[in-house]
Amino acid sequence: MLERIFIVPPLAFARVGTSSTPCDAFLWGPNDVSPRGSGTTTLQPIETLDIASNGTVSSSMPNTIIFRDHEGIRSVCPFFELHANWTDAGGGSYSGPVTEALLGEWGIALSDIEWGVELGNLKAFHYTYAVGDRVQGQATVRADHHDRTTVTGSSPNGPTPPLIRAESGMPLGAIQAARPSAAFPEIRLRFYAPSGAIYGPEDLPERLKTLNYDLEIAGVKPNAEWRGFKLPSSSLIVNPDASWPQYVPDIATLGPFYNEDNRNTPSGLLAAPYFSIPWIKGTPLLQRSLGLVDDVSDGFVKCKFKLKEKEFVAVSRVVVGPPDFAPANRPPVSLADNLADREDRKGPRDFDGWTHAELGEIVLDILERALETSDLMHRDYQNARAVRTNMDELAEAGSRSPFDADDLRSMLWPVPDATLIKEGRIGGMSLSEAGTWKHRRYATLEYLEDRFRENPTVFDQMIRRPVDPNGYYDRRMPALIRGSDGRPLHLTRRQWEIFRLWIAGLKAAAQAAGMQPGKG
């Protein structure tokens, strides 16, 4: 008897790309610690499935992983597999993938099964709160229909003009049901990510002509980056009369800019050059949305059918994002870390299973990931950027800040004089070069054990705690790395407590051996 159905995985990530060939599958492997190795994560190819135009599934084992070919970046296109829990006539309980043979035992045909996807791009709506700025798309296919079906997004008609008219449409991806076979009998759906295109308003060329590219504000020319920008005419499908192309952050009374909560406005997401706003009289130039929209989205993947008048429904989630330009570099705080923090934050507090060696491996993994991420960035530039950010925050905080400008400068590394760098009198990468060697020491467990065993209190000096009361950038790890809200990145509460638990074990072991902190 069928009890329930569910989809594996419950959450999957697609990544955009212009190549018609999806990226092969791979896993993260061990760090390359060979004498001339990188010291960072390696990639391991694994079995990769593909679907032909008629739905036939095939398998291959790639020798190498190709992320970009002559057509561009290869997209990541996840599979979704139908699973179930059921009991047989003898009362045995089972859980696993649903196959065509199993469907036959239940009296269900492939044509009875419907796959569907519902996607939404709410970036513009996030700013304007205008219903017409929602971009939504959906598509359904029967499990016996194996053609690729495009998911087209458009905006609803209502109190505000639609951002994407139904007759224009915006491709959000595609779905294809797999054809079960003897080799691959499972019931599967593949989601194909879109190309990663940008769409603009129909009057984009006219908007760009009105820009003053030489406008200077605080020594910076904010409009200069738009000089020469253009989109293909086929991409100019955004309705210029919708709320998003008219959006002016400084006068908004709704959305994330109202009350200025930076957690809702990650820097760089709003394409808003400085315009002279025709409907605002007596005001200086203001930022105004250029009306750009991309094709990324997130939403639901569903599978449903009826059995003896009872409807069974399974739901998964899909998130479409940009390409991963550093697939072999793992971030110190991943989405998996954040999900674990939500689901099992108290795990380290209810500690009863990890050995001290296992805790050490987790700590080392966190620091190795911090090293890999740090090596991707220009530390000298990020340091100068962090100093500017601190000073901006100080100016906004005023007398409410417990620190002054000298305090903030001492929290980070000195910023070298740009003129001296241009003249070749000093190097412009000294922090980047020194940082790599210093970080490599912290990615060695023996060094960490010695450091924390001798002085357990150094943890608070080295590691930024979650929701730290000091919101300014400083030298604590993970140093110079910005979170999605533009603030200093910190470990999750769960990671932080695992780190403390490991240090407590070092301290206890040292005391049991008669050692005193700071005495060696």
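**Note on the predicted model**

1. Start with Cys303. Cys303 is buried, at a relative accessible area of 0%. (Buried means under 20% relative accessible area, exposed over 50%, partly exposed in between, with a 1.4 Å probe and protein chains only.) This is a predicted model: local features need pLDDT of at least 70, side-chain atom pairs count only at pLDDT 80 or more, and totals for chains, interfaces and linings use all residues. Residues are numbered from 1 along each chain as its sequence is written, and side-chain values use heavy atoms, with hydrogens and water left out.

2. How many disulfides does the whole structure hold? The search finds zero. A disulfide here is a pair of cysteine sulfur atoms within 2.5 Å. For Cys303, the closest cysteine sulfur is in Cys77, 19 Å away, too far for a bond. Cys77 has its closest cysteine sulfur in Cys23, at 9.2 Å, also too far. Cys77 is buried, with a relative accessible area of 7%.

3. Next, Ser289. Ser289 sits in the loop between strand 19 (286-287) and strand 20 (293-294). Helices (H or I, at least four residues) and strands (E, at least two) are DSSP runs, numbered from the N terminus. Ser289 is buried, at 1% relative accessibility. Its side chain reaches the backbone oxygen of Trp244 at 3.0 Å. Beyond neighbours within four places in sequence, Ser289 has contacts (heavy atoms within 4.5 Å) that include Arg207, Tyr247 and Ala271.

4. Strand 20 also has a pairing to check. Strand 16 (residues 198-201) and strand 20 run antiparallel, joined by two bridges. Two strands pair if DSSP finds at least two bridges between them. Ile198 has Asp294 as its bridge partner in strand 20. Strand 16 is also joined by two bridges to strand 17 (residues 236-238), and these run parallel. There, Pro201 is partnered by Val238.

5. Two cis peptide bonds deserve a look. One runs from Val8 to Pro9, with omega near 0°. Pro9 is in the loop between strand 1 (2-8) and strand 2 (11-15). Another runs from Met477 to Pro478, with omega near -5°. Pro478 lies in the loop between helix 11 (458-462) and helix 12 (493-512).

6. Leu480 is found in that loop between helix 11 and helix 12. Its phi is positive, near 65°, in a residue other than glycine. Is Leu480 buried or exposed? Leu480 is buried, with a relative accessible area of 4%.

7. Glu309 has a positive phi of about 70°, although it is not a glycine. Glu309 is in the loop between strand 21 (298-307) and strand 22 (310-321). At 71% relative accessibility, Glu309 is exposed.

Conventions: Polar contact = N/O pair within 3.5 Å; in protein donor to acceptor, adjacent residues only side chain to side chain.
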